[in-house]
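Thanks, everyone. I have one structure to go through today, so please have the sequence and the coordinates open.

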Amino acid sequence: MDPLIITVAPVGAEVMPEQTPHLPVTPAQLGETARACRAAGASIVHVHCRNDDGTNTHAVERFRQAYDAIRAASDLIVQFSTGGAIGMTPHQRAGPLALRPEMATLTCGTVNFGDDIFENSFPIMRGIAAAMRANDVAVELEIFDLGHLSNAKLLAKEGAIELPAHVDFVLGVPGGLEASVEHLVDCVRALPAGCTWSVAGIGRMQLPLAMVAIAMGGHVRVGLEDNLYYEKGRLARNDELVARVARIAAELGRPVATPDEARRILKLRTAAV
Ligand code: KMH
Ligand code: ZN
């Protein structure tokens, strides 16, 4: 098995600062989180941005500040969200790709998202994928439901994306595929040949699915975007969620990947040859 790639998703769009004191809101806080999570064993940081008051933003300038702060603090692979927050336009969601991050997400289908709808029609997916190609950004396919993998195959058939790619299964969003070991195994069985994969379990399923992924040879995403708690009743810091997965992986004989090892595993354009 390859070394374990741990992605940290430290902020997301749904958790609000009122819910936890540990949410990195400013670029400086994102930089500090990146430094701590790199030291704890992360190799990718998945980036959403907030205004100083905690509201969501996908402004290019705010992403530039966040990118600079993360770069100054760490050598993590920087992965921009193109999902953003519910209600953002596809144009807004794709805007920061002009900064040419190493990676960005591409959600592969529309999904109910609590009481809302996270809209990803084929025209929206094609548009975001085209912006990624234009800026030479590596794609991480975000899969919230099994049918999203079928959509990814259709997008590849028409040339909008390339397969194999790196795939992240986000399991347990209300409206998407439930977070369970059985569903994760179904997802992995349905993967196109050659894809690498990670799992992001929502809420209390974050840790159990991480442990299953470590054993299966997959990779792991943790962080406050998906889960606020370290254990029942205790709010987590991002770096301690990363550190716990790194510790468990070490016990199972899978050391964590450095960012450069992750670049090689994921075949990023920035990987040293
Ligand atoms: N905030 C969700 C609506 C992504 O980052 O690419 C979408 C999301 C996916 O978080
Ligand atoms: Zn996200």
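Predicted model: local features only at pLDDT ≥ 70, side-chain atom pairs only at ≥ 80, totals over all residues.

Ser 180 has a relative accessibility of 17%, so it counts as buried. Leaving aside residues up to four places away in sequence, Ser 180 touches Leu 171, Met 205 and Leu 209.

Now the overall arrangement. The strands form a closed barrel, 8 of them, in the order β1-β2-β5-β6-β9-β10-β11-β12, and the pairing is parallel. On average, neighbouring strands here are turned by 25° against each other, if direction is ignored. Helix α2, residues 60–73, packs on it and touches β2 (44–47) and β5, with a direction at about 160° to that of β5. Helix α8, residues 238–251, also packs on the sheet; its contacts are with β1 (6–8) and β12 (219–222), and its direction makes about 170° with that of β1.

Which strands does β6 pair with? One is β5, residues 77–80, which runs parallel to β6 and is joined to it by 2 bridges. Gln 79 has Met 103 as its bridge partner in β6. The other is β9, also parallel, with 5 bridges to β6. There, Leu 106 stands opposite Leu 141 of β9.

As for burial, 5 of the 5 residues in β6 are buried. In a regular strand, side chains alternate between the two faces of the sheet. In β6, Met 103, Thr 105 and Thr 107 lie on one side, Ala 104 and Leu 106 lie on the other, and both faces are covered.

Next, helix α4, residues 122–134. Its 13 residues reach 18 Å from first C-alpha to last, close to the 18 Å expected at 1.5 Å a residue. The buried residues of α4 are Ile 124, Met 125, Ile 128, Ala 129, Ala 131 and Met 132. Why do they line one face? Viewed down the axis of α4, the buried residues fall within an arc of 155°, so they line one face of the helix.

On the face of α4 turned away from the buried side, we have the exposed residues Pro 123, Arg 133 and Ala 134. After α4 comes Asp 136, which has a positive phi, near 55°.

Last, the metal. The zinc ion, ligand 2, is coordinated at 2.1 to 2.2 Å by NE2 of His 46, NE2 of His 48 and OE of Glu 225. Along the chain, the donors follow the spacing H-x1-H-x176-E. Both histidines, His 46 and His 48, are buried.

That is what I had.

Key:
Residues numbered from 1 in each chain as written. Chains lettered and ligands numbered in written order. Heavy atoms only, no water. Donors = N, O, S within 2.8 Å, 3.2 Å for Na, K, Ca; no water. Buried < 20%, exposed > 50% of the residue type's maximum accessible area, 1.4 Å probe, protein only. Helix = DSSP H or I, 4+ residues; strand = E, 2+ residues; numbered from the N terminus. Expected span 1.5 Å × (residues − 1). Arc of directions from axis to C-beta. Contact = heavy atoms within 4.5 Å. Pairing = 2+ DSSP bridges. Axes fitted to C-alpha atoms, helices over the stretch in contact; angles between N-to-C directions.
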